[in-house]
Amino acid sequence: MISVYIDLAIGLILAFLLLSLLVSGINEAIVRLLGIRSKFLWAYLRDTLDGSEDGRSWIPSKIADVFAKLPFSGNDPRPAHSPDPAPAVVEPMRVDSATVLAAENAEEKVSEEIAEGIAPEGTAGKTAEETGPDEAGAGGPAAEDRAEPPTPPVDMTARLYERLQEIDHPKGTRTSIANIPPERFSGAVMELVAAEEGGIDGLLAKLEAIRSPLAGHLKGVWEGAQRDAQKFRKGVEDWFNGEMQRLSTLYARYVRWVVFALGLVLTLLFSMDALEYGKTLLRDNAYRAGVAAIAGGGGEGYAELKEKCAAAGAELAEPYRCVTESLSSPALVKIFDHAIVSVTIPPDGSDDPSFHWNGGAWWDRLVTPGHWPGYLLTMVALLFGASFWWDVLRRLTGVRGNRS
């Protein structure tokens, strides 16, 4: 009796494993075809290095954006792929941080004067031509101080890619990098630091001047490292590693919904009722036990065997052929017999596989409430993933994995 339940468990686990592998394969094919994983990474890097675009984050906020807007939008967050190696010399950022910060301070001063009533409204951000001599001499600040603080057009994402393009491989016109090792990222940051005259402080000043969100992150790491370059590099590596773990968790949360949708579709297309399949496994074991009893000299099950063969059709009415066909077609082989399109493979291999349209029978099973609990059980089982069911099967069968 114990062996019967072990066979039942193994059969169910194998069924869930096969379906989970199919779900994972389809999901991975979609992700690779649309470059979703790579776009997700570079969307985060755009937000971190250059800031959001028009106040909107590059990172998708809804599941529909991950598999609809992000893959098909013309605004690709990934930088253009370059087949050339990384430049040998890193150019410093062409940003005069002192000028930019002085203009920002002047803009803040104008805003304060407007609030206090010293300067007329509407003078903030005006140029010398727009302000005029009267406004300039009315006690307000100089016209050139009222100019809107410029934000130099520096693409920090492209600068980072220049230091990483050696680990890229050609795949279309955009980079295909979907994973950046933390130590490689910290190394790229130190290369950008080496290009600046003021070192880490110089880089931080220019990042603040171009309003890069990375400035706040690196400044916190720099102060936490007690302004030590070696500790700073290790701190950047740890910070980026933590960010990638958080990003992976967010990505997995979105993918979980896609896996659920694929599991639902495949469960319904294959009409996989886990409860009914379990009963089929038990009947299959009982049938084989009856055949073994007859082969061992017991004749009490022969009448039942003839009845089963007669019900199978005229072509299998002969008990010998019936037994041969049944033993060569275990329940695992018939797992997808109730799919909307079933495939039959001849046991002797003499003929080609045949396809059968089961639309009518499939729909009848689909709308029968008695099958719905089995469908629900199958869908829940698929959410655990192929790795989970493989591990359960390995533990149940005693198969040991390779250890290095």
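**Helix packing and aromatic contacts**

Helix α7 (residues 182-195) and helix α10 (residues 229-269) have axes that come within 8 Å and cross at roughly 135 degrees. That angle makes α7 oblique to α10, the class left after under 35 degrees (roughly parallel), over 145 (roughly antiparallel) and 65 to 115 (roughly perpendicular). This is a predicted model, in which local features need pLDDT of at least 70, side-chain atom pairs count only at pLDDT 80 or more, and totals for chains, interfaces and linings use all residues. Residues are numbered from 1 along each chain as its sequence is written, and side-chain values use heavy atoms, with hydrogens and water left out.

**Aromatic contacts**

- The count comes to 13 aromatic pairs, where ring centres of Phe, Tyr and Trp (its six-membered ring) lie within 6.5 Å, and planes under 30 degrees apart are stacked, over 60 edge-to-face and the rest tilted.
- F16 and W389 form a tilted pair, 5.0 Å centre to centre with 45 degrees between the planes.
- F16 belongs to helix α1 (residues 2-34) and W389 to helix α16 (residues 386-397), so this pair ties together parts 373 residues apart in sequence.
- F16 and W389 are both buried (under 20% relative accessible area, 1.4 Å probe, protein chains only).
- A cluster of F16, F384, F388 and W389 is linked by ring pairs.

**Charge over a ring**

- R46 lies over the face of W58, 5.9 Å from the ring centre (cut-offs: CZ of Arg within 6 Å of the centre and within 35 degrees of the ring normal).

**Helix α15**

- Buried residues of helix α15 (residues 372-382) include G374, Y375, T378, M379, A381 and L382.
- Seen down the axis of α15, its buried residues fall within an arc of 160 degrees, so they line one face of the helix.

Key: Helices (H or I, at least four residues) and strands (E, at least two) are DSSP runs, numbered from the N terminus. Buried means under 20% relative accessible area, exposed over 50%, partly exposed in between (1.4 Å probe, protein chains only). The arc is that of the directions from the helix axis to the C-beta atoms. Axes are lines fitted to C-alpha atoms, for helices over the stretch in contact, and angles run from 0 to 180 degrees between N-to-C directions.
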